[in-house]
Amino acid sequence: MLFSETELSAATFAFLAGLVYDRSRIRLGPDKRALVAGRLARHLEMRGCASFDAYCERLRRPGADDEIGTLIDLIATNHTQFFREPAHFDILSRELLPTLTARAVAAAHPLRVWSAAAASGEEPYSLAIVMAEQTRQQPGFTWEVHASDISRRMLDRCRLGIYDADKVKLPDPGLLPRYFRKGFGQREGCVRLKPEIRRHVTVEHVNLFQPTYPVPRALDIVFCRNVMIYFDVDSRQELVARLFDQLAPGGYLFVGHAESLLGLAHRFETVRPGVYRRPT
Ligand SMILES: C[S@@+](CC[C@H](N)C(=O)[O-])C[C@H]1O[C@@H](n2cnc3c(N)ncnc32)[C@H](O)[C@@H]1O
């Protein structure tokens, strides 16, 4: 039996949308009813739930945190790719990194980067590749990338760092042999980030609306891209203020091209579309 939109009543949808919002701030308008039904159908079957209401009963039980996590996982859009929105990586390596790395070296601390909605890892590993390339030109600086997401399923994939080779599109073909190993046997057709890259990337579960973040303060770079579009204005406002506080003076926030801080009150300087700087 598969569950269709018609079996998801307005009241049950409202309960699910409320729960998703409370836990993640992902806003599901009434137009998302078909999407929710579609994304949950197979899961309900696998869980042996006879209806959407039976599933909601399960979500209401004490100790349902893991099930609620799975719900958010199924609802969230996790699409990503290596070097997505390439202009951001260009600006970073050509314009911003020389100064940021010099500053980190002078302060004798690693350059600290956070990919705050990392999904399956393509974004934090793209950042790691940019950092590793920078060390080739400017040896002597150290760096760390923190990758986090609300989805534990995505974070497991991020930790593994294994991707279909044909989906790994890099700005320079030389980067593939430099930073990836080819899979053999069962892993034929896959590539994996080399351990010397993976060891720089720390993967942690973070809900962007949890009270405190388990990543360092005084970050140099935060990528928080293609996630704010799912939040309402109040949540965006709150998030942007918190990311400002998490950055070092002179640090940079990157948001997706479809997102901007337009219409939000904030203290950032605008550098480029989607690129903002915390003033020194
Ligand atoms: C479309 S992906 C963006 C991936 C990457 N940043 C990019 O631009 O390619 C959005 C990610 O945001 C995550 N997400 C949604 N709500 C979140 C929240 N409240 N806290 C942390 N991550 C969240 C989702 O799980 C999903 O992996």
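Where does the ligand lie relative to domain 1 (5-75) and domain 2 (86-277)?

## Ligand and domains

Both domain 1 (5-75) and domain 2 (86-277) give residues to the shell around the ligand, so the ligand lies between them; the domain bounds come from an automatic or database domain assignment. This is a predicted model, in which local features need pLDDT of at least 70 and side-chain atom pairs count only at pLDDT 80 or more, while totals for chains, interfaces and linings use all residues. Residues are numbered from 1 along each chain as its sequence is written.

The ligand is surrounded by 25 residues, of which the closest are T80, A117, A119, I150 and N226, a residue being near if its C-beta atom, placed from the backbone, lies within 6 Å of the molecule.

## Contact between the domains

The C-alpha centres of domain 1 and domain 2 are 30 Å apart, and 7 residues of domain 1 are in contact with 10 residues of domain 2 (C-beta atoms, placed from the backbone, within 7 Å). Helix α4 (residues 65-75) gives the most to the side of domain 1 that touches domain 2, with 3 residues; helices are DSSP runs of H or I with at least four residues, and strands are runs of E with at least two, numbered from the N terminus.

## Helix α5

The 22 residues of helix α5 (residues 86-107) should span 32 Å at 1.5 Å a residue, and the end C-alpha atoms are 29 Å apart, which agrees; the expected span is 1.5 Å times one less than the number of residues. Just after α5, A108 takes a positive phi of about 55°.

Definitions and conventions
Contact = placed C-beta atoms within 7 Å.
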